[in-house]
Amino acid sequence: MSPDEIVYLAVLLISIPVGFLFKQVGPKTKKYGAAVVGLALILVTCQIHILHSLITILGTWLIINISPRACHHLTLGWTFSYLLFFRTVTYFNYPEPTPFTNAVQLLLTLKLLSLANEVQELIQAKKQEVTTFTKSPVIGTVLQKPGLVEILCYSYCYVGLMTGPFYRYRTYHDWLSQIDPSVIPSWQPMLSRSRMIPIFGIFFLVVSHFFPLDYVRSNAFYERGLPFRLFYMVPIFFVFRMRFYVAWLCAECACISAAFGAYPVTAKSRSGGGPTVEYEPLSRRSADGEASSVAYDYETVKNIDPHGTDFCVKVKDGMRYWNMTVQWWLAQYIYKSAPFHSYVMRSAWTMLISAYWHGIHPGYYISFLTIPLCLAAEGAMESGFLKHLSPSGRLWGDWIQWFLKMRAYDYMCMGFVLLTFEDTIRYWSSVYYCVHVGAVFFFLLGTVLGIQRKWSSPKDKQGSPQNPKQQE
């Protein structure tokens, strides 16, 4: 493990017992105490670079107050523009931010843009009340426009500060508003989510030791045969997954220990977004003394589904099970507003924005923009071939599709971890761009098969009898 990884793990492990302490205190102590802990972590790991997050917060606060009706798009422009400056500060002779500062800035960008959207929804809801004299509450919207202190406390809350999960301001507000958090279960859900962490950690340490990433950058690696080069991307992606499984599961445990993101099961919460239907407020249930009979879940802060990631069949589904709260953010704020109608083009736009959010390394872009090609191939094969198979044939088709999906993610992961254009292209060319070639082949094959079925279908209908009299 690198020193940075050790620091990340230490922060996550410390956050778990701290969460149990915050679960027992009142709203005011939660609000300011969680922000103080978060600020202390940032000062230790980021030092002077904390100014980047502070400038971003102040800019967003000004936008929300100056133009609340259009603050969503203005905040998007502001935060993403500052991300560009943040990643190029060395060109302006400013010191390079630490990796921890980058992690804080990434999550902060998501939180502030989401906050601006919630405020804009609140303004629109109030306007509708005035014009129609009816209330149409938007589920999850903030109850009132937060002030600077509230925004600072939300932004610097220690929960999910560096590793996620992402959560909306309303989720944070609901956490502060819990009347009797002691009735919300923490131990059992936390133990359930943490049971695989030691196994994932051991897998990470062992496999990363025998299959180091730096070996791919050496000339000796490219002297090995094609089968070895093809195989090597499998353990690299395995190590990549294990690292994030451990980090995100620990982060979820830190949320669960504090009862952060806990909602009644009846709220039908989604990762990142929170409740999707109206539900009885937690405070009312506690006041009535019925909270002990209420079933709770932590779906709002669920960020990873290891089983779903590893064993889902499609490339499309693999994205849904990975970094789930951020995937919700991308779907809600980027995909839905994409300037395209095609699913593949909307996905390409979303992947482009996701790559920009992750950084300016070319490896991010060429990897993320490979996903739409895989999605197009997947869709063409589904409509032209797979959905017409028999149940037994579809079972075999699913296994083959799962194998190809994993190899596609192995391949794209190499660009994500190698980062530079030269290293990524060097590796991809050494395996003859197999995933790109395969995706194009399957897209063309699925398209041709689909066209053949469309041409043959009218003939079948024309030649078949329309009713019993025609048959006679």
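A salt bridge is taken here as a side-chain nitrogen of Lys or Arg within 4 Å of a carboxyl oxygen of Asp or Glu. The structure is a predicted model, in which local features need pLDDT of at least 70 and side-chain atom pairs count only at pLDDT 80 or more, while totals for chains, interfaces and linings use all residues. Residues are numbered from 1 along each chain as its sequence is written, and side-chain values use heavy atoms, with hydrogens and water left out.

By the salt-bridge rule, the count comes to 13. Arg394 is paired with Asp398, and their closest N and O atoms are 3.0 Å apart. Helices are DSSP runs (H or I, at least four residues), numbered from the N terminus. Arg394 and Asp398 are four residues apart in helix H19 (residues 391-418), so about one helical turn separates them. Asp398 counts as partly exposed because its relative accessibility is 23%.

Contact means heavy atoms within 4.5 Å. Leaving aside neighbours within four places in sequence, Lys316 is in contact with Tyr343, Leu375 and Glu378. Leu375 is also touched by Ser347, as are Tyr335 and Pro372, not counting residues up to four places away in sequence. Ser347 is found in helix H16 (residues 343-358) and is buried, with 8% relative accessibility.

The salt bridge between Arg193 and Glu252 has its closest N and O atoms 2.7 Å apart. This pair links distant parts of the chain, with Arg193 in helix H8 (residues 187-194) and Glu252 in helix H11, 59 residues apart. Glu252 is buried, because its relative accessible area is 3%. Glu118, Glu121 and Arg168 are linked in a network of salt bridges.

The domain assignment (automatic or from a database) gives domain 1 (3-277 + 297-301) and domain 2 (306-455). Their centres, taken over C-alpha atoms, are separated by 25 Å. In domain 1, 43 residues are in contact with 34 residues of domain 2.

A nonpolar core is a set of buried Ala, Val, Leu, Ile, Met, Phe, Trp, Tyr and Cys residues joined through side-chain atoms within 4.5 Å. The largest such core has 115 residues, of which Tyr172, Trp175, Phe260, Trp329 and Tyr427 touch the most other members. Its largest share, 18 residues, comes from helix H11 (residues 226-257). Both domain 1 and domain 2 give residues to this core, so it lies between them. Not counting residues up to four places away in sequence, Trp329 touches Phe80, Leu110, Leu113, Ser114, Phe166 and Ile334.

Technical notes: Buried < 20%, exposed > 50% of the residue type's maximum accessible area, 1.4 Å probe, protein only. Helix = DSSP H or I, 4+ residues; strand = E, 2+ residues; numbered from the N terminus.
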